[in-house]
Amino acid sequence: MPFTVLLVDDEPLVRAGLRAVLEAQPDIEVVGEAADGAAVIPLVNRLRPDVVAMDVRMPLVDGIEATRLVLRTVPDPPKILVVTTFENDEYVYEALRAGADGFLLKRARPAEIVHAVRLVAEGESLLFPAAVRQLAAEYGTNEARAALERAALTDREEEVLRLVARGLSNAEIAAGLTVGIETVKSHVSSILGKLGARDRTQAVIAAYESGFVAPS
């Protein structure tokens, strides 16, 4: 079955460009479009896309609030890929903190767009650029540091979290640590549970905000 994608952007040319790139792939299907975040909830409920490619800045409901609405109200919500013009945009960081799963620049090459959708749909790697890592570190708080300490990660879980924060997939982590993929999945699941994180992106944000991992 192909990955299904909903495009949400107030610029028709951006939507048309993304649709052309994605629909050229045999494993990706664009199932709908919206011009504002206000239209996202009914479309997600009706179309059940695997991924929502969400513009971060829109006139009525922006990508941050739309992300929060999807995750708060939709059972088994789709993955959310933030699409924006500037990689150091604080709106992008806030969207990731709100629960978005990845990040894509509008000027990305076609191959990068396709890769981003597949990566987010599969959910085992991150799209977390250096500029956003720096923002996360700058937003660090004592509360984030205390939360990580309370999580009481084991030494191996700390090692896995550092590798996840570098953007490595489960398979890459398994190869680097010479363990099975299922073992890595178990560690990642434990890390998410201890941190109270919805997914890998939220765990990595916690790692940077707490100072556990420093931006390179």
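I searched the whole structure, a predicted model, and found one cavity of 30 Å³ or more. By cavity I mean a set of points, on a 1 Å grid over the protein atoms alone, where a 1.4 Å probe fits but cannot get out; lining residues have an atom within 4 Å of a point. Volume is the space filled by probe spheres set on the points, which are joined across faces, edges and corners.

I noted the numbering, from 1 along each chain as its sequence is written, and that side-chain values use heavy atoms, with hydrogens and water left out. Local features need pLDDT of at least 70 and side-chain atom pairs 80 or more, while totals for chains, interfaces and linings use all residues.

The largest cavity holds about 40 Å³. I listed its lining as Leu 161, Val 164, Val 188, Ile 191, Leu 192, Arg 200 and Ala 203. Six of these are nonpolar and one is charged, with no polar residue. Helices H8 (155-165), H10 (181-195) and H11 (200-209) each supply at least two lining residues, and H10 gives the most, three.

I then followed Leu 161. Beyond neighbours within four places in sequence, Leu 161 is in contact (heavy atoms within 4.5 Å) with residues including Leu 148, Ile 191, Ala 203 and Phe 212. Leu 161 is also among the residues with the most contacts inside the largest nonpolar core, of 52 residues. Apart from that core lies another, of 20 residues, among them Val 21 and Leu 81. A core here joins buried nonpolar residues through side-chain atoms within 4.5 Å, buried being under 20% relative accessible area with a 1.4 Å probe, protein chains only.

Note on methods. Buried means under 20% relative accessible area, exposed over 50%, partly exposed in between (1.4 Å probe, protein chains only). On a 1 Å grid over the protein atoms alone, a cavity is a set of points where a 1.4 Å probe fits but cannot get out, and a pocket is an open set with protein on both sides within 12 Å along at least five of seven lines; lining residues have an atom within 4 Å of a point. Helices (H or I, at least four residues) and strands (E, at least two) are DSSP runs, numbered from the N terminus. Ala, Val, Leu, Ile, Met, Phe, Trp, Tyr, Cys and Pro count as nonpolar, Asp, Glu, Lys and Arg as charged, and the others, Gly among them, as polar.
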